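Subject: Structure handover

Hello,

Here is the structure I promised you. Please open it next to this email and follow along.

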Amino acid sequence: MNTTAQPPLDAAVLPPGVRSRFVDNGNGLTVHLLEAGFESPDRPCVLLLHGFPELAYSWRKVMPALAAAGYHVVAPDQRGYGRTIGGDASYDGDWRSFRFLNLVRDAMGLLAAIGVRRVHAVVGHDFGSWVAGWSALVRPDVFPRVVLMSAPFGGAPALPLSEAAQRAGEVHAALAALPRPRKHYQRYYTTREADGDMWRCEQGVHDFLRAYYHHKSADWVDNRPYRLASWSASELAKMPTYYVMDLHETMAQTVAHEMPSAEAIAACRWLPDHELRVYSAEYGRTGFQGGLQWYRCATDATSVRELQLFSGRTIDVPSMYIAGASDWGVYQNPGSFEAMQSTACTRMRAAHLLDGAGHWVQQEQPEAVSRLLMEFMS
């Protein structure tokens, strides 16, 4: 777990013009952040929020372009990740500090610590997309533009919950009862065993992450996502095993089946091995439980009830969605992609699905992502 102070990230692994430093966010964290475009005062600030299992480092390919366009670019290791210290990242500890509204408070505290009262835009990928979405929904005065990436923001939970939402948990028993017994990855990620399964896996953290990132990228040729009809076992079971796993396999065992060859690894330009080692060194030191706490909160009934306070509220600031055309994350929650565009976001400018990218869109297609961000923010 990330409980021991670390030095800033070695400048040798960062692009020119990107620095690593720490700030106290006033919400229990010493936040590690990457920063570009900090040399000139009064630049408009762009806040970049990563997902799982990623880091602030995941934005390294877009930060220089945004800085060159005149922005002050800030990307933190979020609560539970990397070199950020604070929060209880132990399974038996107080994991409720990882609730979405407290993650929004983390972002606001970070901005206050660096002297920013209002960002130009907040951009979130994967789980960071949800933090960005909630930030824009509850504090549009601070977050007046939002870009959601990979994970659609389908809106605040209804009050009362819809019948489908109330019965959503039944799908887990139905998945286990399929002729090929399965389990949903988010349910697995809430278990006590999940962290050790990945942190202490047979192949080691580096090879685990290589297979995991490959499996969810456009490099895995079987990533051909499409809309699912419903949140049902028969429909969810159509997704790849990184989302709907075989019942008796760990995530490390699941992705090991798709470990790329040495030749494929050498040919991977979007994540060469020396860049992957930044991730594997951090996760090898911290484990994964800090990130897994997010899943525990996101699926916790008490946390959902808290968010029902905002039932009926919409994101009313300008918004945009970006994902890879090969990203199953677009459709993994049936109906969310459509709800985001039709009801949850009232000023959505566009939804872009980029060819040549899977789940890690800002790493797989950084030039296209940078261009879309700058067009949206101009």
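Helix α2 gives the most to the lining of the largest cavity, with 4 residues. The model is predicted: local features need pLDDT of at least 70, side-chain atom pairs count only at pLDDT 80 or more, and totals for chains, interfaces and linings use all residues. Residues are numbered from 1 along each chain as its sequence is written, and side-chain values use heavy atoms, with hydrogens and water left out.

Some terms before we go on. Helices (H or I, at least four residues) and strands (E, at least two) are DSSP runs, numbered from the N terminus. Cavities and pockets are found on a 1 Å grid over the protein atoms alone. A cavity is a set of points where a 1.4 Å probe fits but cannot get out. A pocket is an open set with protein on both sides within 12 Å along at least five of seven lines. Lining residues have an atom within 4 Å of a point. Grid points are joined across faces, edges and corners, and a volume is the space filled by probe spheres set on the points.

**Cavities**

The count comes to 3 cavities of 30 Å³ or more. The largest cavity has a volume of about 110 Å³. Its lining has 14 residues, and P76, Q78, R79, D106 and A107 lie nearest the centre. By class, the lining of the largest cavity has 10 nonpolar, 1 polar and 3 charged residues. Here Ala, Val, Leu, Ile, Met, Phe, Trp, Tyr, Cys and Pro count as nonpolar, Asp, Glu, Lys and Arg as charged, and the others, Gly among them, as polar.

The largest pocket has a volume of about 1500 Å³. Of its 47 lining residues, W130, A165, A168, W231 and N333 are the closest to the centre. The elements that each supply at least two residues of this lining include α3, α13 and α15 (336-344). The lining of the largest pocket divides into 25 nonpolar, 17 polar and 5 charged residues.

The second largest pocket has a volume of about 170 Å³. Among its lining residues are G37, D42, H72 and R117. This lining divides into 4 nonpolar, 4 polar and 3 charged residues.

Start with α13 (residues 289-298). 9 of its 10 residues are buried (under 20% relative accessible area; exposed is over 50%, partly exposed in between; 1.4 Å probe, protein chains only). Helix α13 is therefore largely enclosed by the rest of the structure. Its buried residues include W294 and Y295. They pack against α2 (100-113), α3 (127-138), α6 (185-189), α7 (193-199) and α14 (301-307). Contact means heavy atoms within 4.5 Å.

Helix α8 (residues 205-215) is mostly covered too, with 10 of its 11 residues buried. Among the partners of its buried residues are α10 (251-256) and α12 (273-286). F208 is one of the buried residues of α8. Leaving aside neighbours within four places in sequence, F208 is in contact with M198, C201, Q203, M251, A252, V255 and F288.

F208 also belongs to the largest nonpolar core, which has 120 residues. Such a core is a set of buried Ala, Val, Leu, Ile, Met, Phe, Trp, Tyr and Cys residues joined through side-chain atoms within 4.5 Å. L48, Y189, F208, M251, F288 and I322 touch the most other members.

**Cysteines**

How many disulfides does a search of the whole structure find? It finds 0 (a disulfide is a pair of cysteine sulfur atoms within 2.5 Å). The cysteine sulfur nearest to that of C201 belongs to C268, 19 Å away. C201 counts as buried at 10% relative accessibility. C268 is buried as well, at 8%.

**Backbone**

Most residues other than glycine have a negative phi, and most peptide bonds are trans. The bond from F52 to P53 is cis, with omega near -10°. Another cis bond joins L159 and P160, with omega about 0°.

D42 has a positive phi, near 65°. D42 is exposed, at 79% relative accessibility. D126 has a positive phi near 60°. D126 is buried, with a relative accessible area of 9%.

Best wishes
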